[in-house]
Amino acid sequence: MGDAEPLVRWDWIGRNWPSIQTLLVDHVIMALVPVLLGLIIALPLGLASVRWRLLYQPTVSLMNVVYSLPSLAVFIVLIPLTGLAERATVIIPLTFYSLAVLIPAVVDGLGSVPDHVSQSAVAMGFGPMRRLLQVDLPIAVPVVLAGLRVATVSSISLVSVGALIGRGGLGYLFIDGWQRQFYTPIVVGIVLVVALAVLADGLLVLAQRLLTPWARARRTA
């Protein structure tokens with residue numbers, strides 16, 4: 001009997017590291033672009049939903065329907081429009097998935113602003129835009145960033161499914177390892193996806209602390 005195949009072959013990682021780096025960069029782009037687009041779209045939609053409450057329920061219901069669709073099925077439906085193995089085929093559905101998380105987060109965050117705080121800002125002569133930027137959004141930051149953390153980690157995970165249509169970043173390592181019954185690419189892919197998720201979540205936690213210094217001061221007091 002020969003020696004058992006090790007779980008991780010470091011020589012394979014060394015030989016293929018440039019390719020792994022390329023897949024890692026591709027994965028990061030396809031994971032973060034949908035979240036950024038989702039945030040850009042969710043902020044005005046959330047503001048509109050707070051101002052016109054009748055808009056909120058239909059918008060959230062539509063996003064929840066989209067969120068419930070299997071990502072692979074959506075990728076396949078988009079192939080005739082955006083092409084096989086194209087970034088857009090992955091980015092577009094993930095943007096909608098991000099919206100399903102971010103719109104409620106924005107609405108809940110803005111809804112967490114106490115009435116007496118808003119009234120005080122108006123009494124001090126704050127206009128609508130100034131009140132939004134200097135009062136409402138800073139108070140809403142913890143709730144919005146909580147939603148952003150969920151959307152980011154979910155997006156990092158879901159990108160891998162795109163490997164089944166030829167564009168999945170690190171997900172290619174899962175397909176390659178499974179087809180060859182060679183576990184090193186699978187282990188590398190899992191480790192890098194988890195590391196990306198942990199790093200992104202940690203950066204967002206740090207951003208929250210920097211954007212809400214009063215919360216840190218309150219905890220210290």
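**Figure A. Q181 in the loop between α7 and α8**. At 46% relative accessibility, Q181 counts as partly exposed, a class that lies between buried (under 20% relative accessible area) and exposed (over 50%), calculated with a 1.4 Å probe on protein chains only. The model is a predicted one, in which local features need pLDDT of at least 70, side-chain atom pairs count only at pLDDT 80 or more, and totals for chains, interfaces and linings use all residues. Residues are numbered from 1 along each chain as its sequence is written, and side-chain values use heavy atoms, with hydrogens and water left out. Q181 follows α7; helices are DSSP runs of H or I with at least four residues, strands are runs of E with at least two, and both are numbered from the N terminus. Although Q181 is not a glycine, its phi is positive, at about 50 degrees. Most residues other than glycine have a negative phi.

**Figure B. A85 in the loop between α3 and α4**. Helix α3 covers residues 71-82. A85 is a residue other than glycine with a positive phi, near 60 degrees. Its relative accessibility is 28%, so A85 counts as partly exposed.

**Figure C. Aromatic pairs of the chain**. Rings of Phe, Tyr and Trp (for Trp, the six-membered ring) pair if their centres lie within 6.5 Å; planes under 30 degrees apart count as stacked, over 60 as edge-to-face and the rest as tilted. By this rule there are two aromatic pairs. W12 and F182 form an edge-to-face pair, with 5.8 Å centre to centre and 80 degrees between the planes. This pair links distant parts of the chain, 170 residues apart: W12 belongs to helix α1 (residues 10-51), and F182 to the loop between α7 (171-180) and α8 (183-211). Both W12 and F182 are buried. Y67 and Y97 are also edge-to-face, at 5.7 Å centre to centre and 85 degrees between the planes. Because Y67 lies in helix α2 (residues 53-68) and Y97 in helix α4 (residues 87-111), the pair ties together parts that are 30 residues apart in sequence. Y67 is partly exposed at a relative accessible area of 40%, whereas Y97 is buried at 5% relative accessibility.

**Figure D. Arginine charges over the rings of Y56 and F126.** A charge sits over a ring if NZ of Lys or CZ of Arg is within 6 Å of the ring centre and within 35 degrees of the ring normal. The charged end of R53 sits over the ring of Y56, 6.0 Å from the ring centre. For R130, the charged end sits over the ring of F126, at 3.9 Å from the centre.

**Figure E. Helix α7 and its crossing with α1**. The axes of α1 and α7 come within 9 Å and cross at roughly 135 degrees; axes are lines fitted to C-alpha atoms, for helices over the stretch in contact, and angles run from 0 to 180 degrees between N-to-C directions. This angle makes α1 oblique to α7, since angles under 35 degrees count as roughly parallel, over 145 as roughly antiparallel, 65 to 115 as roughly perpendicular and the rest as oblique. W12, L23 and H27 of α1 meet G171, Y172, L173, D176 and R180 of α7, where contact means heavy atoms within 4.5 Å. Within α7, the buried residues are G171, L173, D176 and G177. These buried residues pack against α1 and α8.

**Figure F. Helix α8 and its buried residues**. The 29 residues of α8 should span 42 Å, and the end C-alpha atoms are 42 Å apart, which agrees; the expected span is 1.5 Å times one less than the number of residues. Among the buried residues of α8 are T184, P185, I186, V188, L192, L196 and L204. The buried residues of α8 pack against α1, α6 (128-158) and α7.

**Figure G. G166 and G169 in the loop between α6 and α7.** G169 is buried, with a relative accessible area of 2%. Apart from neighbours within four places in sequence, G169 is in contact with L23, D26, H27, M30 and V159. The C-alpha atoms of G169 and T89 are separated by 13 Å, although these residues are 80 apart along the chain. G166 counts as partly exposed at 47% relative accessibility. C-alpha to C-alpha, G166 and R87 are 9.7 Å apart in space and 79 residues apart in sequence.
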